[in-house]
There are 4 protein chains.
Amino acid sequence: MSSATLLIHCPDKSGLVAIISEFLFANNGNILHFDQHVDSETQTFFMRVVWDLNHFSIPKDKIGDCFQTLIASKNEIKFDIFFSETKPKMALFVSSLSHCLFDLLSRYEAGELRVEIPFILSNHNHLKHVAERFEIPFIHIPNSADRKAEAEQEMIQICKKYSVDFIVLARYMQILSSNFVDTYRNRIINIHHSFLPAFPGARPYHSAFARGVKIIGATSHYVTSELDAGPIIEQDVARVSHRDSIDDLVRKGRDLEKLVLSRAVYKHVNRMVLVYGNKTVVF
Amino acid sequence: MSSATLLIHCPDKSGLVAIISEFLFANNGNILHFDQHVDSETQTFFMRVVWDLNHFSIPKDKIGDCFQTLIASKNEIKFDIFFSETKPKMALFVSSLSHCLFDLLSRYEAGELRVEIPFILSNHNHLKHVAERFEIPFIHIPNSADRKAEAEQEMIQICKKYSVDFIVLARYMQILSSNFVDTYRNRIINIHHSFLPAFPGARPYHSAFARGVKIIGATSHYVTSELDAGPIIEQDVARVSHRDSIDDLVRKGRDLEKLVLSRAVYKHVNRMVLVYGNKTVVF
Amino acid sequence: MSSATLLIHCPDKSGLVAIISEFLFANNGNILHFDQHVDSETQTFFMRVVWDLNHFSIPKDKIGDCFQTLIASKNEIKFDIFFSETKPKMALFVSSLSHCLFDLLSRYEAGELRVEIPFILSNHNHLKHVAERFEIPFIHIPNSADRKAEAEQEMIQICKKYSVDFIVLARYMQILSSNFVDTYRNRIINIHHSFLPAFPGARPYHSAFARGVKIIGATSHYVTSELDAGPIIEQDVARVSHRDSIDDLVRKGRDLEKLVLSRAVYKHVNRMVLVYGNKTVVF
Amino acid sequence: MSSATLLIHCPDKSGLVAIISEFLFANNGNILHFDQHVDSETQTFFMRVVWDLNHFSIPKDKIGDCFQTLIASKNEIKFDIFFSETKPKMALFVSSLSHCLFDLLSRYEAGELRVEIPFILSNHNHLKHVAERFEIPFIHIPNSADRKAEAEQEMIQICKKYSVDFIVLARYMQILSSNFVDTYRNRIINIHHSFLPAFPGARPYHSAFARGVKIIGATSHYVTSELDAGPIIEQDVARVSHRDSIDDLVRKGRDLEKLVLSRAVYKHVNRMVLVYGNKTVVF
């Protein structure tokens, strides 16, 4: 089935649900999913609606224009439209840990993630064989302190060349510059191996062990220029005890990282995430 | 703020969201919450909408009539309307275990549950002192095998006398007859001390122990004439191990029972639950 | 059954299990539970052993002496012995929120917590009626900024008068001085309404809401002079979403606070907790 | 570090901890981990002890004999000894679903599972390419109704030829005969895609959807001749709602299946599981 997904946010006011649902109904768009939310602090209205394009009377390439002219411009609405046939292009950035990469690739291969993966990029060569096994191009761009700016230029060029829609940092252990982050604003998904805002930065399992917490976590978020402080998409936790060494925390944490990152990517790919300020609405 | 909550279900068709939201908008009803769901198996449409009554142009006592005439009758819609000022009357049935009773009463007293509790009814006298402490009338109706029908008659009469809206079985250890259940269809909430459909009936913790499960659970559901088989409202679980004796399962289970029952009651009281067939939509 | 519980920690070395179990065996002490742990960072040995006193050949009042002379002094062992007949005296400190108080009292009354509660102490009068209902003395000690030292003196005197063994801060919203904390070192149990070390200090639900976390938590810990930084006994979490307002976080958090505090108290009362440095071993 | 792991069960009696720890201590065996449990129903004693072999005065190949003669024979003890250097040989049986296979193989490759995988066996050819990617021999043995006995004979021969220690059914969708199961008693690990004992047998996600449960689960257990009724090693659950279609349950369930099976395998490989009757002790 061919469908469209519309993501909206605007200042809240009366009648928005009626106006938008009427627009779809009047044009023979049967609603498949409909979610809305009002943030009462900022009086912002959010909506996600998915409808069947089969009998929809507006041609696909005109929907955005029509909606802009008839609805959005009159209501200060910001929106994005996505079509079910279009697979987003997802670049994978990795360093030397394989668990998140394997997990994403096995989901991709099983058809769970409707994306294209134009390439896997790494600052190391360790995981080249994984890329080869899945027959995905592997690009090695060293990213040591002395060539960081240069490396990022190469990375941006490659992403542009392949028309990348979003980037997944699958335990890519380098900090990206503000310049890079701004180029893919709200389109870079990171996995941090702690329950943020606890233990940002390096070596969170060591810090968790030292503090003696009884639960560890992982957090997937959009990358912003402030380290580990971007809008959170998904988190999960696991119970630990005094019996768990740091190695045990790392091992248990790997499972959290895999799951949390994969869920965040799934939600991003299925257009279930709206970012506002430093927070997310995840429908 | 004075608000109305509308719960709807009907055969799915195009335009329902538009029709209903337009009805509210046209009458100055500002939507506070809006949720819909389509069950794709049965093609049934479900909706919960909450709106501000402040500037709503239809008087409260006419809303039901208007909605029936203008919208429901034309779309095969079944609906209920609730008003935020009206506190539902909740009867509590207990036997001799106090944990769920204490938990509900402490929430009630803290203002977390917007209900009236006209009485606490029991087939024993054990918990009379709890009722007295909270200054709620306590009614003792023995319910032994030889006077079950008689007991249920008395119970129904008391519920009617106090205009009870719904009944919570807070570990009331008697099976209610079909007659009783039909009188309060989808309005009797039970807590069963297992993860249904595993371990229905008596002594589920003993059965869980014997089976060697690693997780136990509790289930809150609407009571139907078939034992422990009614529509599930809420479930939760807790991890156990070989170290846990049956007494430990009972102790850990009590916490699950309290939480799961209280959550189910909260959702029922806040009109977040729709029953269809033997399942629930919990918005 | 009459039993003894021995809690031990000492520098790790070979043979400790053999030495201690042999001591019990040689004196007809049948082991009921046996747990040990070695912290590999600090090379510290921890043990908890519970044995049946029925046929134990050393009289109760001599066990400590014998163990000190024969075993502890030769192995740098620090230990505590507790007897099942002795109920610890637990003081409850509260302010104006009732949920943790109700939860602890209902467990106490149901026999789940084997303690004596000599009094409930508060800096307010709000919860006096709860104490009265459970027929426990209520002591009101105002604790405003201008009489803090004086208030703490009164609190310590009352605790001493009643031979209090440990203190539970059931949402007692005052910071205790180092002097007070040192008097009951590792014997004051607090509940903090966040997943520490995230959101220490005041208004953690507001901070969690502002950060947009997808999971909230609660943490029970022993109080030290550094705020919210003491050894963690127990933590738990609950999932939240963009739909949850601050009020919803507070409501969901209350259930976490109740459970986490009650579990921590249960473990403390049953002598399952050993403190070392700023961490706990919870057997 | 070279270490030995001893798993024991026997009728409970006084002094077992002392006898066994004394045996290790007397022979310079430094205990690394020590766990014991008494099942109070059956009065059975269970123990797992891991010790450093570095200075142990009994040669590795004599430990079993010595322990049998000196300790086990006098106390009706049944035991197994494992050495850290010996990697168990794990056969993987699969059908056509890849998620559990990928998950186990990526852990194996990352060094998380200390096993050898002599082959992957399947009744289909679908996953041959996965085996090839990881350079593990793939064996195709069709197992249709008409050649079941024959197929099982081939399977047993191959397992014997490769000296397989245990078998993991990573969503192998065939029922094994009692004969096969008896050959590898308590050494075949299955993953069932429900929270057993709820929904045994075929199509558990469909049953869970029909029943309207709010939580789904997965269960890993040792295979016995009774379907889905063997000793449970590990279980886990995930929350679902009315919004989840059967396809969503299947998708969410896959993550549970992966995790639960991998945890069970990890525990089996690390000799943390003791089976007694139809239950497990998981240390």
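What follows is a short tour of a predicted model, with something to select at each stop.

**Stop one: two parts of chain A**

Now zoom in on where they touch. Nine residues of domain 1 of chain A are in contact with seven of domain 2 of chain A. Together the two domains bury about 770 Å², with 72% of that on carbon and sulfur atoms. Select Leu7(A), Phe46(A) and Arg48(A): on the domain 1 side these lose the most area to domain 2 of chain A, together 53% of what that side buries. If you show strands, S1 (3-11), S2 and S3 (44-52) of chain A each give at least two residues to this side. By class, that side has five nonpolar, two polar and two charged residues.

How many salt bridges are there between the two domains of chain A? The count is zero, though three residue pairs are in polar contact there (both at pLDDT 80 or more).

**Stop two: where chain A meets chain C**

Bring chain C into view. Here 37 residues of chain A are in contact with 37 residues of chain C, and the two chains bury about 3,000 Å² between them, 54% of it on carbon and sulfur atoms. Pick out Arg211(A), Lys214(A) and His242(A): on the chain A side they lose the most area to chain C, together 24% of what that side buries.

Next, look for charged pairs. The rule finds six salt bridges across the interface of chain A and chain C. To see one of them, select Asp236(A) and Arg239(C), whose side chains meet with an N to O distance of 3.5 Å.

Which element gives the largest share of the chain A side? Colour strand S11 (232-239) of chain A: S11(A) supplies seven residues of the side that touches chain C. That side as a whole divides into 17 nonpolar, eight polar and 12 charged residues.

**Stop three: a covered helix in chain C**

Finally, select residues 99-109 of chain C, which form helix H3. Is this helix mostly covered or mostly open? Mostly covered: nine of its 11 residues are buried, among them Cys100(C), Phe102(C), Asp103(C) and Arg107(C). Step on to Gly111(C), which follows H3(C) and has a positive phi, near 85°.

Methods: Residues are numbered from 1 along each chain as its sequence is written. Chains are lettered from A and ligands numbered from 1 in the order in which they are written. This is a predicted model: local features need pLDDT of at least 70, side-chain atom pairs count only at pLDDT 80 or more; totals for chains, interfaces and linings use all residues. Side-chain values use heavy atoms; hydrogens and water are left out. Contact means heavy atoms within 4.5 Å. Buried area is the accessible area (1.4 Å probe) that two parts lose on being put together, summed over both. A salt bridge is a side-chain nitrogen of Lys or Arg within 4 Å of a carboxyl oxygen of Asp or Glu. Helices (H or I, at least four residues) and strands (E, at least two) are DSSP runs, numbered from the N terminus. Ala, Val, Leu, Ile, Met, Phe, Trp, Tyr, Cys and Pro count as nonpolar, Asp, Glu, Lys and Arg as charged, and the others, Gly among them, as polar. Buried means under 20% relative accessible area, exposed over 50%, partly exposed in between (1.4 Å probe, protein chains only). A polar contact is a pair of N or O atoms within 3.5 Å; within protein, one must be able to donate a hydrogen and the other to accept it, and residues adjacent in sequence count only if both atoms are side-chain atoms.
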